Amino acid sequence: MKFLNGKVSKSFPPLSNKSFFKSNTKGGLITRLCKDRKFKEAIDILCNQNRLPEAVQLLTHIATPSPSLYSTLLHHCLQHRALDQANLVHSHTKLSGFNTGLFISNRFINLYAKCGSLVDAQKVFDEMPDRDLCSWNTLISGYAKLGKLGDARKLFDEMPQRDNFSWTAMISGVLAASAAVQSLRMGKEIHGYIMRTGLDSDEVVWSALSDMYGKCGSIEEARRVFDKMVNRDVVTWTAMMGRYFEDGKREEGLALFSELMRSGVRPNEFTFAGVLNACADHATENPGKQVHGYMTRIGFDPFSYAASALVHMYSKCGNTANAYMVFRGMPSPDLVSWTSLIVGYAQNGQADEALQLFESLLKSGTRPDHVTFVGVLSACTHAGLVDRGLEYFQSIKEKHGLKHTADHYACVVDLLARAGRFKEAENIISEMPMKPSKFLWASLIGGCRIHGNVKLAKRAAEVLFVIEPENPATYVTLANIFATAGMWSEVTNVRKKMDESGITKKPGQSWIEIKREIHVFLVGDQSHPRYNEIDHFFSELSKRMKEEGYVPDTKFVLHDVEEEQKEQNLSYHSEKLAVAFGIISTPSGTPIKVFKNLRTCVDCHNAFKFISKISNRKIIVRDSNRFHCFEDGKCSCLDYW
């Protein structure tokens, strides 16, 4: 039992130094400090070592703790959201007879409110003999942010005096609560109240209004509020751009970034990272390059998020040379940068580079995570390095101490299925500790397509019909497998099942950027202003291709029609139209980069090898799975895809 200022402490049992402190060098230092009664220094060290419970229990050894000591403990309680430890500190202030005063009391209110314990916060508030504006504002903000709007308004109305922050605290808190529960109606009521009362709200409130509208899905209202703000800082600009990008409105987001450039407000690393990630998501390299140029001109921190976002953007856009250049300029690349480049190499068919980079990552002392291994396994999959991929798969658990994830199993099944090693793939599926994902079954059916394994394809398809019955890709892949096997009655059954379920095949769509303008093509599309030129050019090109030995691959054409009609159907695939347009629209020798929303077909893949050689062009096609780089009659995937 311990006596403090004549009062008995029942909450803090006395502890021996031997059993209390961890037996290490620093623990020995704590013990010596306690023996010398230097408890403040001991508590500081424990807090900095994230040993908060031990630091709090040291209070039992101090007769009269100072305000700064309590303040230190409260700071760390708040940092760790340690409500239990905060309660112990609070109990100790009462047991020790410490007069908390305004400053410490306000810190308790803030701590309890941010830990979600408004009952404790209110109790401290009620027990205070004197309160200042900070006391009222902190509790009001706490109630509002947790959605207790009635309590917040009641306190606001009871305030003996208010300042601008009082209003801001309540309104911002209410708006934050509206955004959190996506209650547009509640947010609009607050907006209307602001307008009706004519209260002068500061930029914090307007920013909260814009945030609320954006999170509630009303991006037009968010922009209207944004446009009314007079003093917009970089955080406000970045948040508004982020809302556009999250909503898929890339053009509007980039336009706002251009407006920011003209405003005189300097972007920060989060602004750059947001824009670059949007470029990566849409595989639009040119805007990303412009952002890179601006970053270079003003000088950017190579340690920042923006540097990692640059590597990610170039990797996703298929420019691994630039991605590597930025990566090499980073003094200490983070794991995101390592992983982005590894995945970029993998998707571009550069398996050797991907695996070499992974070995460099290990030598650097950086610890890979499960996403890194998805990139490594993908590199092995795309290059057909089956045994090496299996070794990496085993090392995830045995060497690196990580758990296999569903994504890892999907990758290794993909690896085996592409190689035709179906028995091993089935064994892994039967032994895996979690339920196989839709990606795993899709990988399996993809391997069945390559090797014509009809029986296993039907099994995988049946599972996928249950997991995601609305996905047309499963039906199309299964129909293709049946068509290749000449099983036209089965093809008809699949198409009938699609019709009965109201499922339509996702139309193939390809796009190419020429002179900063995106040109989109659909399969059989004749709507482009230069379609006649495209059609004439491709007709002449097809003759040259056949002279060079090209034979249209019609086995995946679903319709049981004449061979000539099948060849004509293949001629109007969207990626062929986009490539043809790219060639006639650019100077000789200019690389062509086309993007497609679906997996490119076997015939288009073969055709592009011939076209690259005849036109002496580098043709890059990014389909839904990976990049294909065609040059001088060859593809970077080495026909293993």
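These legends walk through several close-up views of a predicted model.

Some notes on reading them come first. Numbering starts from 1 along each chain as its sequence is written, and side-chain values use heavy atoms, with hydrogens and water left out. Because the model is predicted, local features need pLDDT of at least 70 and side-chain atom pairs count only at pLDDT 80 or more, while totals for chains, interfaces and linings use all residues.

**View 1. R250 and E251 meet in a salt bridge.** A salt bridge here is a side-chain nitrogen of Lys or Arg within 4 Å of a carboxyl oxygen of Asp or Glu, and by this rule the count comes to 21 salt bridges. In this pair, N and O are 2.6 Å apart. R250 is buried, at 12% relative accessible area, whereas E251 is partly exposed, at 48%. (Buried means under 20% relative accessible area, exposed over 50%, and partly exposed in between, with a 1.4 Å probe and protein chains only.)

**View 2. D387 and R421 form a salt bridge.** Their closest N and O atoms are 3.4 Å apart. D387 lies in helix α24 (residues 386–398) and R421 in the loop between α25 (406–418) and α26 (422–431), so the pair ties together parts that are 34 residues apart in sequence. R421 is partly exposed, with a relative accessible area of 26%. Helices (H or I, at least four residues) and strands (E, at least two) are DSSP runs, numbered from the N terminus.

**View 3. E533 joins R530 in a salt bridge.** Here the N to O distance is 3.0 Å. E533 is partly exposed at 41% relative accessibility, and R530 is also partly exposed, at 26%.

**View 4. Salt bridges link four residues in a network.** Look for R223, D227, R232 and E259.

**View 5. Six strands make an open sheet.** Follow the order β4-β3-β5-β6-β7-β8, where the pairing is mixed; two strands pair if DSSP finds at least two bridges between them. The edges are β4 (517–522) and β8 (634–635), each pairing on one side only.

**View 6. Strand β8 pairs with β7, and helix α34 lies across both.** β7 (residues 627–631) and β8 run antiparallel, pairing over 2 bridges. E631 has K634, in β8, as its bridge partner. Helix α34 (residues 602–615) lies across β6 (619–622), β7 and β8, at about 35 degrees to β7. For that angle, axes are lines fitted to C-alpha atoms, for helices over the stretch in contact (heavy atoms within 4.5 Å), and angles run from 0 to 180 degrees between N-to-C directions.
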